[in-house]
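Subject: Structure handover

Hello,

Here is the structure I promised to pass on. Please open it alongside this message; my notes follow below.

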Amino acid sequence: MTGVLAVAGGTASGKSTLAVALSLHHPESIALVHLDDFYVSAHDRMRGVWTVSANGYPVLDWNHPGSIDEAAVAAAIDAALCSDRRLVVVEGLFALTLPSVLARATWRVYVDAPDDVRLARKILRKIEAQRQDPRISLLNYLQGGRDRHAQHVAPSRALADLVVDGTADEYAMLASVMMLVGPVLSEHPALEASAFSETA
């Protein structure tokens, strides 16, 4: 049996950290689908949802589920389900928002973290990876990011089978998730929940 674990949460909540850590523990058993890989082309003005950034330029709205190519997501999940992997992990802002993911999800997890923690993490990430002026990040957050989260991401928390603390270390998060996915991975002792009990 192959199961699908949908992992959602706000920007910089820790969802990618959780999903990647889970896949790295047993790469031969887990297929990982990142929703960030399925945004429509930023050069195609006919698709997706567009907005105006804080610096005045029209940009694809990365915080809106309508900017994701949902058909491509569904195809990727179905392809992974036909592989020899025991678990397909789908992670992203809209993992519990997109109907195509919800319909395929065996388990639903929401990674939660306070808004100030998420914002601080995002700004640090933008500075380190893109050298972006933190003023732009803050203005974009106030201009639309905060409202988009409240509208499209936060409500999906109510659909989760499990809410994970995104401020915890990765082993504590893994131990929590193993309570859900342990049975489908039970042939792989290294992923048993007890393996993380001391750290958690």
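What pLDDT does the chain average, and what share of the residues score at least 70? This is a predicted model. The chain averages a pLDDT of 89, and 92% of the residues score at least 70. One stretch needs caution: over residues 188-200, pLDDT stays under 50. The model has 26 contacts beyond four places in sequence for that stretch.

Strand 5

Next, strand 5 (residues 87-91). How many of the five residues of strand 5 are buried? Five of the five are, so the strand is largely enclosed by the rest of the structure. Both of its faces are covered. Leu87, Val89 and Glu91 lie on one side, Val88 and Val90 on the other, and all are buried. Note that Glu91 is in that buried set.

Strand 5 pairs in the parallel sense with strand 1 (residues 3-9), over five bridges. It also pairs in the parallel sense with strand 2 (residues 30-34), again over five bridges.

Helix 2

Helix 2 (residues 70-81) has 12 residues. From first C-alpha to last it reaches 17 Å, close to the 16 Å expected at 1.5 Å a residue. Val73, Ala74, Ile77 and Ala80 are buried in helix 2. They cover an arc of only 130° around the axis, which puts them on the same side of the helix. What covers these buried residues includes strand 1, strand 2, strand 5 and helix 3 (99-102).

Helix 4

Helix 4 (residues 115-130) has 16 residues. It reaches 22 Å from its first C-alpha to its last, close to the 22 Å expected at 1.5 Å a residue. Which residues of helix 4 are buried? Arg118, Leu119 and Ile123 are. Seen down the helix axis, the buried residues fall within an arc of 130°, so they line one face of helix 4. What covers them includes helix 5 (134-153).

On the other side of helix 4, Glu128 and Ala129 are exposed. Glu128 has a relative accessible area of 61%. Glu128 and Val163 are 35 residues apart in sequence. In space, Glu128 and Val163 are 29 Å apart, C-alpha to C-alpha. After helix 4 comes Arg131, and the phi of Arg131 is positive, near 55°.

Is Ser137 buried or exposed? Ser137 is found in helix 5. At 4% relative accessibility, against a cut-off of under 20%, Ser137 counts as buried. Not counting residues up to four places away in sequence, Ser137 touches Ile123, Lys126 and Gln132. Ile123 is one of the buried residues of helix 4.

Ser41 is found in the loop between strand 2 and strand 3 (50-52). Ser41 is partly exposed, with a relative accessible area of 36%. Ser41 and Leu60 are 19 residues apart in sequence and 8.5 Å apart in space, C-alpha to C-alpha.

Where to look

For a quick tour, begin with strand 5 and its pairing to strand 1 and strand 2. Move on to the buried residues of helix 2 and helix 4. Finish at residues 188-200, where pLDDT stays under 50.

Best wishes

Methods
Residues numbered from 1 in each chain as written. Predicted model: local features only at pLDDT ≥ 70, side-chain atom pairs only at ≥ 80, totals over all residues. Heavy atoms only, no water. Helix = DSSP H or I, 4+ residues; strand = E, 2+ residues; numbered from the N terminus. Expected span 1.5 Å × (residues − 1). Buried < 20%, exposed > 50% of the residue type's maximum accessible area, 1.4 Å probe, protein only. Arc of directions from axis to C-beta. Contact = heavy atoms within 4.5 Å. Pairing = 2+ DSSP bridges. pLDDT = per-residue confidence, 0-100.
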